[in-house]
Amino acid sequence: MTNRNEKKAGGYLLNTLLSAAVIVLAAMAPQLGASVKGVTILWQLCYFIILACSLNLVMGFLGQLSLGHCGFMGVGAYAAALISLAFQRAGIYTEKSGAAFMLVLLICILAAGLLAALVGLLVGIPALRMKGDYLAIITLGFGLIIVNIINNLPFCGMGGLSQGSAAPALYANGLGFVAKQLVSYLWIPVVLTIVCVAAMFMFVRSKYGRAIMAIRDNEIAAAASGIDVSHYKVLTFAVGAFFAGIAGAIFAMCSSTLSTASFNFTSSSILNSTFIVVMVVIGGMGSLTGSSAAAVLLYLLNYTIKNGKWVHALPLFMRQAFAYPMLVYSIVMVVVIIFRPHGIFGTYEFSLYNSVSELFSGKRGKKVPVKEAAENE
Amino acid sequence: MNEASVPVLKAEHLGISFGGLKAVSDFNMEIRPGELVGLIGPNGAGKTTVFNLLTGVYKPTEGEIYLYGKLINGMRTHETVAAGIARTFQNIRLFSQMSVIDNVKAAFTKDIKYGFGAAIFRTPGYWRTEKELDDRAMELLGIFGLEDKADAPASSLPYGQQRKLEIARALATNMKLLLLDEPAAGMNPTETSELLSCINTIREKFGIAILLIEHDMSLVMNVCQRIQVINFGQTIAAGLPGEIAADPEVIRAYLGS
């Protein structure tokens, strides 16, 4: 019982090394000759991963269905865009490079998260008095309300911060990176994603995680064990909103225009609250690994259905079905629910350290005890 | 007034009505430090309702509850736990998807001092606290012979051990008064006698007061120092086990006249 934490040091070292390698690789994107198209995919993957993981905090770990998650992302996106714009107008930075700009960027990202968390708090306090279906409906409603409020705020460009909108200068030089900068700044979303997912991981492997999983498993028993149920519910909701806000900031960076249509309950693209729920369910409620993997898989599935040449080679009836990608996702969802009711990963979390040590001990013909493998930190 | 003379729990004229139904009325009880009191009565008598009143699940419509002389009426459930009352449930309520040790550690939550920053940046304080909690949790599990199941999911435990884990979790809240709601329900005689020795062990080790709801009369008569009988929400008898067993009112309530 004294060595429960012993193997963790090795795990941290391995994870840090891998993260550093990924970040270096991302920073070398221009030298490696990465295409703008490919890099754009990576940017989008980054915010999808953060978004899915942050919703999993609320759905998988806290056990509360929330259908308005993209609303918090919208708050973050607009906050980042508008604050950067204000800095730019004040003349703090003129071009998108240099120390002053990096500082502004950092402030924008944090502000996006904090503002979204604040909105999450305001939504969560009344909403989380409800349970189950009622909570789902009320979060759905709040998601729509947030989008409508943004739509009607005069300083948000009345429905869109686009270059072609009523205030053309508004977004011309805000936070949005142009194509070449997307390549050279690829390391920013990569660092953010690693930091956010790691922070969420630490969150669920602490007293907070234990408290919210206890609430998920049995609310009455959680209260009878001294856990302040409503406090931890609202807290988790706000934390989820915080990370959704950061995902929004990444969205703002890689989009030339912002429109509230991007943050709706449903939309023709896969960026909508419902689809994030689908990602969490397919990946496994209660597994951050699962959410990340499902975000990547579903994004790539969507991408290949929409852009892949292979679709044209399909028989006519299938091609017609593929013209409506939502049909395909619903089939994927049904298949997953039938064969893996707890999602692809269930509550399993991938651990690099455990996998590596299993690999090595396997070579030496030594089996890792099942208990350790199941525990994986 | 010295500590020993203050009752752990004092309920005065406690009552609750749901609409026109008086589920419990004029309930009086006093539990002294280290005492084990039994609360019995036929099904539907209002025993679990009393527990729910004491732990803040229901708000009493009349009467007062004092814990060590402090009024705890109207507190929410987690606040009554902080004040010093912990309970188990008639139908087991574990955190079934969590591991056995995490079930116990979840009950430490209110006493954990570290905050957000420490949890996310894994400060030395975080590690120190977690290590301490691990040790304390293992010690508690040890009392119930559950150490080697520490990493198993709680739902995988056999019935008797789930009951024990629930008691271990309640003990982890560091309470002064433990409410046990039918701990022997569904147990075979061997498990019941094991439970009996467990209850005795924790009373000796922790010196806490226990209020026990139970239908297993041999268990009640064996361990309880005093017994209170309720029927239709009214106290019909209170006294020593021997007196209760011979009380005509109690016999009528259980067997009919």
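Residues are numbered from 1 along each chain as its sequence is written, while chains are lettered from A and ligands numbered from 1 in the order in which they are written. Because the model is predicted, local features need pLDDT of at least 70 and side-chain atom pairs count only at pLDDT 80 or more, whereas totals for chains, interfaces and linings use all residues.

Chain B has ten helices and ten strands, where helices (H or I, at least four residues) and strands (E, at least two) are DSSP runs, numbered from the N terminus. The radius of gyration of chain B is 19 Å, close to the 18 Å that the globule rule gives for 257 residues, so the chain is as compact as a globular protein of that length; the radius is taken over C-alpha atoms, and the rule is 2.2 Å times the number of residues to the power 0.38. Along its principal axes, the C-alpha trace of chain B spans about 65 × 40 × 40 Å. Of the 257 residues in chain B, 43% are buried, a residue being buried if 20 or more other C-beta atoms lie within 10 Å of its own, exposed if 12 or fewer, and partly exposed in between, with C-beta atoms placed from the backbone. Among the contacts in chain B with a separation of 6 or more, 67% come from residues 24 or more positions apart; two residues are in contact if their C-beta atoms, placed from the backbone, lie within 7 Å.

Chain B contains an open sheet of six strands in the order E6-E7-E8-E3-E9-E10, with mixed pairing, two strands being paired if DSSP finds at least two bridges between them. Strands E6 (85-87) and E10 (234-239) of chain B stand at the edges with a single partner strand each, so one side of each is left without a neighbour in the sheet. From one strand to the next, the twist averages 20 degrees. Helix H1 (residues 47-54) of chain B packs on this sheet, touching E3 (36-40), E6, E7, E8 (209-213) and E9 (226-231) of chain B, and its direction makes about 150 degrees with that of E7(B); axes here are lines fitted to C-alpha atoms, for helices over the stretch in contact, and angles run from 0 to 180 degrees between N-to-C directions.

The pairings can be followed strand by strand. E6(B) and E7(B), residues 177-181, run parallel and are joined by three bridges, with Arg87(B) opposite Leu179(B) in E7(B). E3(B) and E9(B) also run parallel, through four bridges, and Gly38(B) has Ile227(B) in E9(B) as its bridge partner. E9(B) and E10(B), by contrast, pair in the antiparallel sense over five bridges, where Ile230(B) is partnered by Thr235(B) in E10(B). The hairpin of these two strands has two residues between them, and Phe232(B) takes a positive phi near 50 degrees there.

Turning to the two chains together, 31 residues of chain B are in contact with 28 residues of chain A. Helices H2 (77-83), H3 (100-106), H4 (116-121) and H5 (124-143) of chain B each give two or more residues to the side that touches chain A, and H5(B) contributes the largest share, five residues. From the side of chain A, helix H8 (residues 207-217) has eleven of its eleven residues buried, and these pack against H2 (36-61), H7 (187-204), H9 (219-224) and H10 of chain A together with H3 and H4 of chain B.

Most residues other than glycine have a negative phi. Asp26(B), however, has a positive phi of about 45 degrees; Asp26(B) is found in strand E2 (residues 21-31) of chain B and is partly exposed, with 14 other C-beta atoms within 10 Å. Arg122(B), with a positive phi near 50 degrees, lies in the loop between H4 and H5 of chain B and counts as partly exposed, with 17 C-beta neighbours inside 10 Å.
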